[in-house]
Amino acid sequence: MSEHEMDVIAVVNGKGGVGKTTLARALGSAVVGGGMRVAFIDSDPQLSVVEWAERSKEAGLWSTAASVVAVESPAEMAQQINDLYEREAADVVIIDTAGVTFSALGSIVAASDHIVMPCTPNVDDVSRTLKTAEMLKELGQDGAHITFVLNRVGSNLTRIEDEQIARLEQHHAVAPVRMRERDIYKRMAKEGLLSSVLKQKVDEGTIRSLAEARRVREALMETVELLNIVMGLEE
Ligand SMILES: Nc1ncnc2c1ncn2[C@@H]1O[C@H](COP(=O)(O)OP(=O)(O)OP(=O)(O)O)[C@@H](O)[C@H]1O
Ligand SMILES: [Mg+2]
């Protein structure tokens, strides 16, 4: 029996476009930036993470500490997680999901140590997010390892956003660190792991690239804090 420690984080929300893939990529970047190995599992038929990895490799903005695999069924997902564990091939596994149905949610919950639910704090998205939270409750989740992460917020929250946080907090913890609306999160989709992008900008060493490096570093610090919160290392 392997003594290897491996945390499995699933990024889940039935609502589309709330930032699941963005958060998955960012958290994976934080794992690599922190000197650990990440394995992405892409369970979305759109293959957003798989294709991102291919682009990143071509651009030289991937890392030997990162791997990615696509799965087409819950059984395949369980098999891949088991395989990563047996081979001690990753320290953190990040599962990107599509808008999940109740049945898929069951196997994701069973396979994960932590569930993170990104949510843009507007009325409609929170309502949809809470529907996913309800489904999790029906699956017998005690909620201990479910964390909401607010996405696409500014430096100050609006009153509406505060009200939406209160709605979420009635169900599960809301991470005190939020994902800000940042251009770099959009560019990450085109470029690669934030940790590798940062290194490239610093190595380039021009005034412009160093200014960009500062913005990448800010995003990476945000996601490192989020990773610690999601993994329960920080309150
Ligand atoms: N914090 C952010 N700052 C800037 N842009 C963001 C941020 N979060 C997400 N986006 C953008 O919003 C769009 C939707 O994000 P993303 O693809 O991560 O959502 P998703 O939940 O994975 O969607 P789907 O349900 O289709 O898989 C993308 O274009 C992404 O670049
Ligand atoms: Mg996605």
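Here is a walk through this structure, from its overall form to a few local details. Keep in mind as you go that the model is predicted.

Let's start with the whole chain. The protein's secondary structure amounts to 9 helices and 8 strands. Along the principal axes, its C-alpha atoms fill a box of roughly 55 × 50 × 30 Å. How does the radius of gyration relate to that of a compact globule? For 235 residues, a compact globule would come near 18 Å, and the protein has 17 Å, so the two agree. Buried residues account for 42% of the 235 residues. If you take the contacts with a separation of 6 or more, 82% of them join residues 24 or more positions apart.

The largest nonpolar core has 62 residues, and the members that touch the most others in it are I9, V11, L27, V38, V93, I94 and L194. Helix α9, covering residues 207-230, gives the most to this core, with 8 residues. Leaving aside residues up to four places away in sequence, V93 touches M6, V8, I9, A39, I41, I81 and L84.

Next comes a pair of helices. Two packed helices are described by the angle between their axes and by the distance between those axes. The axes of α5 (residues 123-138) and α6 (residues 159-169) come within 10 Å and cross at roughly 5 degrees. An angle under 35 degrees counts as roughly parallel, and α5 and α6 are therefore roughly parallel to each other. Which residues meet here? On the α5 side they are V123, V126 and L130, and on the α6 side Q164, R167 and L168. Sorted by class, this contact has 4 nonpolar, 1 polar and 1 charged residues.

Finally, have a look at the backbone. Most residues other than glycine have a negative phi. L47 is not a glycine, yet its phi is positive, at about 55 degrees. You will find L47 in the loop between β2 (38-42) and α2 (48-58). It has 15 other C-beta atoms within 10 Å, so L47 is partly exposed. R152 also has a positive phi, near 65 degrees, but its place is in strand β6, residues 146-153. Because R152 has 19 C-beta neighbours inside 10 Å, it counts as partly exposed; a buried residue would need 20 or more.

Technical notes. Residues numbered from 1 in each chain as written. Chains lettered and ligands numbered in written order. Predicted model: local features only at pLDDT ≥ 70, side-chain atom pairs only at ≥ 80, totals over all residues. Core = buried A, V, L, I, M, F, W, Y, C linked by C-beta atoms within 7 Å. Buried ≥ 20, exposed ≤ 12 C-beta atoms within 10 Å, placed from the backbone. Helix = DSSP H or I, 4+ residues; strand = E, 2+ residues; numbered from the N terminus. Contact = placed C-beta atoms within 7 Å. Rg over C-alpha atoms; globule rule 2.2 N^0.38 Å. Axes fitted to C-alpha atoms, helices over the stretch in contact; angles between N-to-C directions. Parallel < 35°, antiparallel > 145°, perpendicular 65-115°, else oblique. Nonpolar A, V, L, I, M, F, W, Y, C, P; charged D, E, K, R; others polar.
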